[in-house]
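Hi everyone, thanks for coming.

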Amino acid sequence: MSKITLSNNNEKKDEVDRIYNEPRIQLNINDLTFTYNAKKKFPPVIKDVTLEICGAQLVSILGPNGVGKSTFIHCINRILDPTEGVVFINETPIKGMPLKSMAKLTGYVPYSANDSFPLSVTDTVLMGRHPHSKIGSINDDLLIVEETLKLMGIEDLADRMFNELSAGQHQKVMLARGLAQQPKILLLDEPTSNLDIKYQLEITRMLKELSRSRNMLVIMISHDINIASKYSDNIIMLLDGGIYAMGKPQDVITSENIHTVYDIKAKVITDCDRPHIILVDEADDKHFDDEDKFSISKTCDHLNVAETQTE
Ligand SMILES: Nc1ncnc2c1ncn2[C@@H]1O[C@H](COP(=O)(O)OP(=O)(O)OP(=O)(O)O)[C@@H](O)[C@H]1O
Ligand SMILES: [Mg+2]
């Protein structure tokens, strides 16, 4: 019995290696439905989603809070098993693939790392090499970690403890771990949400460049419509558990779609051939007429403390 299981596992591992070494990347999602608690008849979060993504590119997933974006990528990464439907990578169903070897195919960087391991940054990023680890590969893996830290501009953090970093530094380290994994498909849940504006731009641009240079499909959830629009090759917009719009940024980022999906008004202008949204506050005509009353200054020398206290 155990012999049969072993040989099946080895066959599947070989299959994963074959797919990993194929130059093409094709992700198919067929009739995907996911319900958190099917027994209790919870309504599905993802409903009948079918799509095909071909080629190494940067794809962004947009949509309002709670629409199912994280759930959707969890189904691609086997964190969740679809209630119905099948996910294929290069026409092979991912269901049943051994998890360790599957981690060569899909890397995942969660929204935030709750696990505050008492590990150094180098060791944290080294964990990304686990799917590739072989006897004697540690020096090669350490070299990849070093290169990845440099790529992310965080080599100065190498010896710091992961659980003593700021939120933005955490996010850069977790992204480095995903990149060190060198997967075929990299799934990122809001990878730049804690980063300053310079890093948001640099890292999103870098992800697009890496999709080409590493022949990797990068799928990124984002709430920053303008950055997604500036760099994504294609965008998927989710609404009510399904795909509302999908395609090139100029076809997806329209005032009408933004209004339907986010229930807000936005002007869309074009900058460098990419749509860029400007938010419109529907209450803009109702000005605050008391703004002049409030000030802020560097010193409070003029303040009469005694008077203020007795008031
Ligand atoms: N473990 C869970 N059990 C039950 N329901 C869940 C669970 N995780 C998420 N949900 C529900 O599924 C829906 C989709 O959640 P999901 O996290 O996928 O949304 P999201 O689009 O990623 O939102 P956000 O932009 O806020 O991250 C939400 O209604 C959420 O409350
Ligand atoms: Mg989410």
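In what order do the strands of the open sheet of 4 strands run? The order is β2-β1-β4-β5, with antiparallel pairing. Strands here are DSSP runs of E, at least two residues long, and helices are runs of H or I of at least four, both numbered from the N terminus. We say two strands pair if DSSP finds at least two bridges between them.

Before going further, a word on the source. This is a predicted model, where local features need pLDDT of at least 70 and side-chain atom pairs count only at pLDDT 80 or more, while totals for chains, interfaces and linings use all residues. Residues are numbered from 1 along each chain as its sequence is written, and chains are lettered from A and ligands numbered from 1 in the order in which they are written.

Strand β4, residues 84-89, joins β5 in the antiparallel sense over 2 bridges, and Phe88 sits opposite Pro93 of β5.

Finally, let's zoom out. The whole protein has 11 helices and 12 strands, and its C-alpha atoms fill a box of roughly 85 × 45 × 45 Å along the principal axes.
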